[in-house]
Amino acid sequence: MNLETKWLEDFVTLAATRSFSQAAEKRFVTQPAFSRRIRSLEAALGLTLVNRSRTPVELTESGQLFLVTARSMVEQLGEVVRHLHNVEGQQGEVLQIAAAHSLTLGFFPEWIARLRREGLPLNTRLVASNVGEAIHALREGACDLILAYYDPDAALQLAPEIFPSLHLGATSMLPVCAVDEAGAPLFDLDSGQSVPLLAYSAGAFLGRSVNLLLRQRALRSSTVYETAMADSLKSMAMQGLGVAWVPRLSVTAELARGELTICGGEHWQVPLEIRLYRCELSRKAAVRLLWRKLAGGLGAG
């Protein structure tokens, strides 16, 4: 019998939510993919675990009995992982940090260097990740911390009582474009004329705030390029192809060199808060030490 751990976690989540759609959302997979994983679990066991004809869904008698075992296995695995983290910590813990792509270059190096200068010599392993992947990693224990922009509307889909967060700093999304030979912006958001827009693709985290601003300001624009990556938008803007909204910390050098310029007043800017998230259940000593120091004002930006 070949069982995958994620199937057990899927099944425990389904039992808690009694909804395939809600469970799929919590497990960060599509509903069809989630359903296939539950069927794979049933096939591996040779049992029907879920009564799909009922709404909300119900577990069969076999499903109810297996749920006890599934929960126990998931909890035991989590306990083993936490124990190994503690063993690793005795040899010098490494903090696994998932961060938004733009923060990995524009914020993290300076922040971690400041922490070390202030007496907190952390060993870290950084992975650039999109928001959904980072949340999944934190929930699954695959990372210790998330470094991300705060979205007051989505709130990262993390319950604050289980996944607390701390404010680390602030920046803003700036509308930028290339300059002409005289050093003037190629495009002007306040001119009333339509501008070529370098946009975030649907679902991109940073795109939500920008799209809200564009609707509020009724900007006349035509989208000429889409991507989920702020750095890609920046590169396209440097080629003179349009206007892009990117985090200030991602374009500091380009603005200083005159390769890009801000092409609208402050009313075209979007404030961003940088936050650090952890799991309240984490037993890593380094995580708790870092949290205490940050809460006390260490490393504040």
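Helices and strands here are DSSP runs, at least four residues (H or I) for a helix and at least two (E) for a strand, numbered from the N terminus. I'm working from a predicted model.

**Thr60, where it sits.** I went to Thr60 and found it in the loop between β2 (58-59) and α4 (61-90).

**Thr60, buried or exposed?** I looked up its relative accessibility and got 19%. The cut-off for buried is under 20%, so Thr60 counts as buried.

I skipped the neighbours within four places in sequence and listed what else Thr60 touches: Thr48, Leu49, Val50 and Asn51. Thr48 also turns up in a polar pairing, as its backbone oxygen lies 2.6 Å from a polar atom of the Thr60 side chain. I then checked Thr60 against Ser72, 12 residues away in sequence, and the C-alpha to C-alpha distance came out at 19 Å.

**Domains.** Domain 1 covers 5-77, domain 2 is made of 95-169 + 274-296, and domain 3 covers 172-272. I looked up how far apart domain 1 and domain 3 are, and their centres, taken over C-alpha atoms, are separated by 44 Å.

**β7 and β8.** I moved on to strand β7 (residues 195-200) and strand β8 (residues 221-227). Parallel or antiparallel? The two strands pair in the parallel sense, over 6 bridges. I picked Ala199 and asked which residue of β8 is its bridge partner. That partner is Glu226.

Terms used: Residues numbered from 1 in each chain as written. Predicted model: local features only at pLDDT ≥ 70, side-chain atom pairs only at ≥ 80, totals over all residues. Heavy atoms only, no water. Pairing = 2+ DSSP bridges. Buried < 20%, exposed > 50% of the residue type's maximum accessible area, 1.4 Å probe, protein only. Contact = heavy atoms within 4.5 Å. Polar contact = N/O pair within 3.5 Å; in protein donor to acceptor, adjacent residues only side chain to side chain. Domains from an automatic or database assignment.
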